[in-house]
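Notes below, in the order I checked things.

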Amino acid sequence: MTIKNKLRVGLSFLFILALFCCGLSIYFVNRLSDDEKNILKDNYQSVQYTKNICVAVDASRDVLSKPQIKVIEENLTGEEHDITEPGEGQLTDSLRSNFETLKRINANASNAGELHSAIRKLSYGIMQLNMTAIEHKYAAATATANRATLIMAFVGSFLFLIAFSFVINFPGYIANPIKELTERIKEVSNRNYQQQLNFKSNDEFGELGQAFNTMTRKLDEYEHSNLASILFEKKRIETIINSMHDAIIGLDEKSFIIFANEVASTLIGLPEQSLTGKYAPDIALENDLLRNLLVNDDHKMKIYADNRESYYTKEVLSVASKDKVIGKVIILKNITEFQQLDEAKTNFIATISHELKTPISSIKMSLKLLEDNRIGDMNTEQKQLLENIDEDARRLLQITGELLDMAQVETGKLQLNFGKTHPGNIVDYAVKALKTTAEQKQVSINVQCDGSLPDVQADLDKTTWVLINLLSNAIKYSHEKSVVDLVVKQIKADEIEFSVQDHGRGIDQKYLSRIFERYFKVPGATFDQTGTGLGLAIAKDFIEAQAGKIGVESELGAGSRFYFTLKRFGN
């Protein structure tokens, strides 16, 4: 039988017993109620009738008054309708006969006294008869009540024993198998697959025990059948990790070191046996490199190894299982060779740019001399050629200047000369430098710079260079006879914002995230609008080196707004 059916049978049995007990109680209560009603209806009223008759007769020894006759008549009539006991009818008839005789003769009779005595005697007889009946019925009701008490006590005790047994035994019947199952599951979770359940019942617990036993046998078979292959795979992964040239360290979710390959052990300076299974923060207390790996968020690191300085990039990979992080892997990639190549490239660019500036400057000086009329007159074609050469030389000089600035930034040799200056000074220098360029394209520069603005802390030359670069781009991308807005305002208590707004064709949203990358050029620009792709990247480095921010807002067809912020002097 299933547990569900057992519960139904047990609860139904208790329900039936409760109904039986309630029915029995109702039966005996009704019996007692009926006995009480019978006593009141059958006997007590007769006693009252005869009592009233005796009182009326005793009120007069000879002649009965009309009110007395009326009282006797009413009570005698009531008694005639309430005859319930054997012999009560004969006494009532005699009482009626004597009363009628007394009414006829009343004051004229000489024997009225005898009739009074007879009526009184008959009334007392009826009263005594009903009193005796009341005593018998009371004794019967008492017997019924005692019998009901015994039966209810027996039935109640029986129900209590059944309910008590049910309360004591049934929870154990349910809880004990569940408790045993819980203990076995805990053992299974600890990879102890030898657990078995011995439920001998033929209900759901029996089926559960059989299913659990089957599961543990299968798990045990699977564990032993896959253990060798798992160990083999573990060994192969360890071999692959140790053969890699990158340093790899694995940590669990509690920061205990799971593995560290040979390269990582060499860099940290501890053998693998001293690392595996140890708590990483404890080792980091006495090991600077491991402490930097755990705490430092820098992705590029300089490490002294193999008697020389080496460069590494750090990458942290999170290991997750079902959206829960169960560990992480730290990978250190050796980029020393690439770093050296990058430094060589930067030095080469700086050297070439520096060396190019001298001949380009000489070319521009020669062009100035050729333009002097004292040397000789030139025809229109010659003047055009000189203008082309001058423009190319200017572009070359600009490119070499940007390459030198970029090399300065990349080598970390960027030198800033911080000082106190008013934002108006930066704006004036930039606007004057591009006055001719703007006039040639008939572009107006609308300057909004309040003289009451506070001073800023900045490198005047480099900040002016940035603003010139932004204004130059705005002019290049503006239509002829348009306006470029140059606005300087205080946006925070400690920040001043410089913004340059043009009304050209704007920049597509998909290019905005790359606009400050080196060598990036927005597709679709004309030859006159394109440059080296270094200006905005260098501007970003110059502004961020001064603890400022630089950004862009643009919309196709509505123009672009470039802005940067500088700190207020004294903050």
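I started with L467, which touches I426, V427, A430, L486, V500 and F564, leaving out residues up to four places away in sequence; contact here means heavy atoms within 4.5 Å. This is a predicted model, so I kept in mind that local features need pLDDT of at least 70, side-chain atom pairs count only at pLDDT 80 or more, and totals for chains, interfaces and linings use all residues. Residues are numbered from 1 along each chain as its sequence is written, and side-chain values use heavy atoms, without hydrogens and water.

Of its 38 residues, L467, I515 and F564 touch the most other members. Elements supplying at least two residues each include helix 12 (423-433), helix 14 (460-476) and strand 12 (559-567). Helices (H or I, at least four residues) and strands (E, at least two) are DSSP runs, numbered from the N terminus. Helix 14 gives the largest share, six residues. Another core, of 20 residues, lies apart from this one and has A260, A284, Y312 and I330 among its members.

Then I checked helix 2 (residues 66-80) against helix 3 (residues 88-105): they pack at about 155°, axes 11 Å apart. The axes are lines fitted to C-alpha atoms over the stretch in contact, with angles from 0 to 180 degrees between N-to-C directions. Helix 2 and helix 3 are therefore roughly antiparallel (angles over 145 degrees). Among the residues meeting there I noted I69, L76 and E80 in helix 2, and L95 and F99 in helix 3.

How values were computed
A nonpolar core is a set of buried Ala, Val, Leu, Ile, Met, Phe, Trp, Tyr and Cys residues joined through side-chain atoms within 4.5 Å. Buried means under 20% relative accessible area, exposed over 50%, partly exposed in between (1.4 Å probe, protein chains only). Angles under 35 degrees count as roughly parallel, over 145 as roughly antiparallel, 65 to 115 as roughly perpendicular and the rest as oblique.
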